[in-house]
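The sequence and the structure come first, and the points are grouped by topic.

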Amino acid sequence: RHMGKLTPLLAAETEALRGAYAALNRNDIPATVKAFDPQIEWTEPAEYPGGGTYRGHAGVEAHLSQARESWAEGSCEPERFIVAGDKIVVFVHVRVRLKDHLEWHEGRLADVYTFRNGKAIQMRAFADRQQALEWVGVNPLDAH
């Protein structure tokens, strides 16, 4: 890192999250949780399959492995990273075909990560991107 060169806020954390989604897509769950604090609290809405709260690397790994194993094929592609204070909102495009299913499920969701000392201490998923932005206090109009 050169002095005088402006580093965008949470740049390393953003890169770590990019790596986490790439790892998830290639089904490398241990690499997925590397960007997360060992005490992470991971919450998905009740309407998600497997919705609920998972804690720690082990809890999140078990949850992600189970979720990932239900895919026949698909991916979670991060489309956009929006930094808001100690949080990063990730707009995710999910496109998945579950095992034993022919149809594809597609969704444009948002995952919000709260960082502490360079690691994600909390992840909260939102089915509605607008809600995610409101939750972190970003005016959706500013985020376009």
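By class, 20 nonpolar, 7 polar and 4 charged residues make up the lining of the largest pocket in this predicted model. The space in this largest pocket amounts to about 790 Å³. Of its 31 lining residues, Glu44, Tyr48, Pro49, Trp71 and Val94 are the closest to the centre.

**Elements around the pocket**

- Two or more residues of the lining come from each of α1 (11-25), β1 (36-44), α3 (56-69), β3 (71-84), β4 (87-98), β5 (104-116) and β6 (119-126).
- The element that gives the most to the lining of the largest pocket is β5, with 6 residues.

**Strand pairing around β5**

- Strands β4 and β5 run antiparallel and are joined by 11 bridges.
- Within this pairing, isoleucine 88 is found opposite tyrosine 113 of β5.
- The hairpin formed by β4 and β5 has 5 residues between the strands, and aspartate 100 in its turn has a positive phi of about 65°.
- Strands β5 and β6 also run antiparallel, and 7 bridges join them.
- Valine 112 has arginine 124 in β6 as its bridge partner.
- The hairpin of β5 and β6 has 2 residues between the strands, with asparagine 117 in the turn.

**Aromatic pairs**

- The count of aromatic pairs comes to 5.
- One of the pairs joins phenylalanine 36 and tryptophan 42: the ring centres are 5.4 Å apart, and the planes are at 50°, which makes the pair tilted.
- Both phenylalanine 36 and tryptophan 42 are buried.
- Phenylalanine 126 and tryptophan 135 form a tilted pair, at 5.5 Å centre to centre and with 50° between the planes.
- Phenylalanine 126 counts as buried because its relative accessibility is 6%, which is under the 20% limit.
- Tryptophan 135 has a relative accessible area of 33% and is therefore partly exposed, as this value falls between the limits of 20% and 50%.
- Tyr21, Phe36, Trp42 and Tyr113 are linked into a cluster by ring pairs.

**Charged groups over rings**

- The face of tryptophan 135 has lysine 87 over it, at 5.7 Å from the ring centre.
- Tryptophan 135 thus takes part in a contact with lysine 87 and in the ring pair with phenylalanine 126.
- Arginine 95 lies over the face of tryptophan 104, and its distance from the ring centre is 4.1 Å.

**Positive phi at asparagine**

- Asparagine 27, a residue other than glycine, has a positive phi near 65°.
- The position of asparagine 27 is in the loop between α1 and α2 (29-32).
- Asparagine 27 is classed as partly exposed because its relative accessible area is 40%.
- Asparagine 117 is not a glycine either, and its phi is positive, at about 50°.
- The loop between β5 and β6 contains asparagine 117.
- With 75% relative accessibility, asparagine 117 counts as exposed, since the value is over the 50% limit.

Definitions and conventions. Residues are numbered from 1 along each chain as its sequence is written. This is a predicted model: local features need pLDDT of at least 70, side-chain atom pairs count only at pLDDT 80 or more; totals for chains, interfaces and linings use all residues. Side-chain values use heavy atoms; hydrogens and water are left out. On a 1 Å grid over the protein atoms alone, a cavity is a set of points where a 1.4 Å probe fits but cannot get out, and a pocket is an open set with protein on both sides within 12 Å along at least five of seven lines; lining residues have an atom within 4 Å of a point. Grid points are joined across faces, edges and corners, and a volume is the space filled by probe spheres set on the points. Helices (H or I, at least four residues) and strands (E, at least two) are DSSP runs, numbered from the N terminus. Ala, Val, Leu, Ile, Met, Phe, Trp, Tyr, Cys and Pro count as nonpolar, Asp, Glu, Lys and Arg as charged, and the others, Gly among them, as polar. Two strands pair if DSSP finds at least two bridges between them. Rings of Phe, Tyr and Trp (its six-membered ring) pair if their centres lie within 6.5 Å; planes under 30 degrees apart count as stacked, over 60 as edge-to-face and the rest as tilted. Buried means under 20% relative accessible area, exposed over 50%, partly exposed in between (1.4 Å probe, protein chains only). A charge sits over a ring if NZ of Lys or CZ of Arg is within 6 Å of the ring centre and within 35 degrees of the ring normal.
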